[in-house]
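Work through the exercises below with the model open beside you, and try each task before you read its solution.

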Amino acid sequence: MQKIKNIAVIAHVDHGKTTLVDQLLQHSGTFAAHQQVQERAMDSNDIEKERGITILSKNTAITYGDHKINIIDTPGHADFGGEVERVLKMVDGVLMLVDAQEGAMPQTKFVLKKAIELGLIPVVVINKIDKDGADPERVLDEMFDLLVALDANEEQLEFPVLYAAAREGYAKWNMEDENKDMGPLFEAILEKVPYPIGSADNDVQAQVFTLASDNFVGRIGICRIFNGRLKKGDECLLVKASGEKIKSRISKLIGFKGLEQIEITEAEAGDIVAVAGFSDIDVGDSLCDVKNPVALDPLHIEEPTLSVVMSVNDGPLAGQEGKHVTSNKIKERLEKEMETNIAMRMEPMGEASFKVSGRGELQIGILAENMRREGFEFLLARPEVVVKEENGVKMEPFEHLVVDVPEEFQGVAIEKLGKRKAEMTSLTPMPDGTVRLEFEIPARGLIGFRSEFLTDTKGEGIMNHSFIEYRPYSGVVQSRTQGALISMDNGEAVAFSIFNLQARGIMFIKPQDKVYNGMVIGESARPGDLEVNPLKGKQLTNMRTSGADDAIKLVPPRPVTLESAMEWIEDDELIEVTPENIRIRKRYLDPNMRKRVQRDKKNAER
């Protein structure tokens with residue numbers, strides 16, 4: 001029987017998880033000497049590579065001595081917390097990475113809390129000890145305090161600690177030891193992570209924690225075998241969360257080695273494998289013995305806290321840039337996403353629109369970005385928080401927000417967050433001259449805050465947040481104060497006109513961009529919307545005067561990205577997303593209709 005260890009690498013965003021997995025793969029000799037491997041090999045899709053973040057949890061396996069170590073790399077963003085939660089149920093230990101300078105952050109707290117609840121013993125790896133501002137001793141104290149606060153048991157409090165610089169490729173037990181290789185980390189995994197419990201001789205019990213799909217074999221469930229053996233061609237019973245039972249054969253069994261997937265004929269208790277042959281396989285489903293089916297508990301994933309309405313593009317430029325523009329195509333694509341992404345929900349709303357709910361703006365923004373790259377065209381409304389009602393009380397999600405700012409900006413950050421109903425819970429001066437502020441804030445207050453925060457702190461502020469719980473509704477939260485500059489005609493924008501409009505605010509368009517009536521072409525410098533004409537050319541005469549042909553100096557427009565647009569828009573605005581452009585427009589393009597809706601709204605408020 002093979003000796004197996006199952007671990008997950010968990011940490012706050014950008015603390016070095018994927019880089020550490022790279023080094024473990026390199027050190028174990030998984031890659032041949034001639035093999036070219038790119039940096040952050042586990043981040044496989046384009047958006048992950050571009051942004052340098054992990055979005056989906058992925059697994060790999062390495063052989064070290066006589067052990068097989070299954071490693072799962074997880075995302076660090078709070079928006080993808082659902083990916084982390086389900087992975088922790090599949091492993092027997094965690095490598096808890098923490099940055100030697102930043103210390104314990106909100107997501108460190110979130111993932112560690114889940115690991116402690118499941119009784120896992122963390123192997124704490126203080127990473128990036130080669131940084132100038134590194135303070136490993138302070139970070140170790142922070143981690144101990146955090147574990148005490150999370151009610152860790154005696155065994156969990158005696159966690160092993162390693163010091164590492166994953167990018168440089170070394171880990172060590174003590175700061176005084178020489179910088180060699182990743183050997184000590186492997187020792188820690190083999191010594192401290194328990195072997196899987198369960199026996200290959202029992203009846204089959206396996207649970208699916210991630211899905212993949214293949215054009216040839218259909219849906220593939222990546223699962224952990226808790227008991228028994230899985231063999232290719234064997235008949236198994238799939239028990240769904242609803243209790244429904246489906247009998248089918250394993251048509252393909254896939255094992256993992258490094259970044260490769262290899263077909264295998266048999267796998268036994270403790271291993272992590274991919275199984276094909278079940279068309280209805282879902283996350284949380286159990287694969288059981290046909291004669292004696294004993295299902296495992298279904299996975300519980302926390303509910304979405306943010307929703308956005310996605311609808312068919314009905315603007316004047318609809319269908320000119322995208323391939324998939326109909327509601328049927330959008331619905332199919334969203335349904336496909338919901339199959340593999342269990343932290344998201346989708347419900348049709350009539351009038352060719354769909355309500356998509358997730359854990360944060362980033363998660364919804366990445367779905368929209370993926371669809372845009374696949375040739376879809378659609379409209380997005382302003383994100384809204386998911387509000388519940390409990391015992392007649394309106395409840396909304398609250399977030400734990402941690403802000404690191406240089407000292408001179410702490411006043412403006414506290415003032416702005418105060419207007420958004422944030423309550424400060426702590427203020428800690430940091431060794432590098434910055435101040436760490438912690439708040440509890442309604443999730444609504446964070447919508448649109450990031451861009452304003454970066455402007456206020458001249459790009460030096462860092463903010464992170466994670467979901468706490470639902471609390472009673474906290475009243476009206478202040479949002480954008482500036483109005484919009486709205487085009488009053490259809491056509492192509494003219495440089496002369498844009499030059500004259502620059503004094504009115506910040507422009508989003510450049511000359512020759514297509515515009516239409518009701519499209520937002522800039523941010524007004526004052527409150528209240530303003531209708532302008534970006535198509536007006538220069539009046540030509542046959543008289544020549546000195547100074548008439550002064551050069552037109554245009555300020556570069558503010559680029560509109562998906563995230564910045566989702567943060568900027570108000571309730572009466574929509575984002576038009578196409579493969580080539582992202583535009584902002586008013587919900588009602590007709591100015592008379594807009595005035596009527598505004599008037600009705602005021603009357604209703606009275």
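This is a predicted model: local features need pLDDT of at least 70, side-chain atom pairs count only at pLDDT 80 or more; totals for chains, interfaces and linings use all residues.

Residues are numbered from 1 along each chain as its sequence is written, and side-chain values use heavy atoms, with hydrogens and water left out.

**Exercise 1.** Find the place of Thr578 in the chain, decide whether Thr578 is buried or exposed, and name the residue with which its side chain makes a polar contact.

*Solution.* Begin with the place: Thr578 is in the loop between strand 34 (573-577) and strand 35 (582-586), where strands are DSSP runs of E with at least two residues, helices are runs of H or I with at least four, and both are numbered from the N terminus. Next, Thr578 counts as buried because its relative accessibility is 1%; buried means under 20% relative accessible area, exposed over 50% and partly exposed in between, with a 1.4 Å probe and protein chains only. Finally, the side chain of Thr578 makes a polar contact with that of Glu321 at 2.4 Å, a polar contact being a pair of N or O atoms within 3.5 Å of which, within protein, one must be able to donate a hydrogen and the other to accept it, and residues adjacent in sequence count only if both atoms are side-chain atoms.

**Exercise 2.** Classify the aromatic pair of Phe449 and Phe453, then that of Phe508 and Trp568.

*Solution.* Rings of Phe, Tyr and Trp (its six-membered ring) pair if their centres lie within 6.5 Å, and planes under 30 degrees apart count as stacked, over 60 as edge-to-face and the rest as tilted. By this rule there are two aromatic pairs. Phe449 and Phe453 form a tilted pair, at 5.5 Å centre to centre with 35 degrees between the planes. Phe508 and Trp568 have ring centres 5.3 Å apart and planes at 80 degrees, so this pair is edge-to-face. The latter pair links distant parts of the chain, 60 residues apart.

**Exercise 3.** Which residues have the most contacts inside the largest nonpolar core?

*Solution.* A nonpolar core is a set of buried Ala, Val, Leu, Ile, Met, Phe, Trp, Tyr and Cys residues joined through side-chain atoms within 4.5 Å. The largest has 62 residues, and those with the most contacts inside it are Ile10, Ile126, Leu230 and Val275. A second, separate core of 33 residues includes Leu334, Val385, Met566 and Val577.
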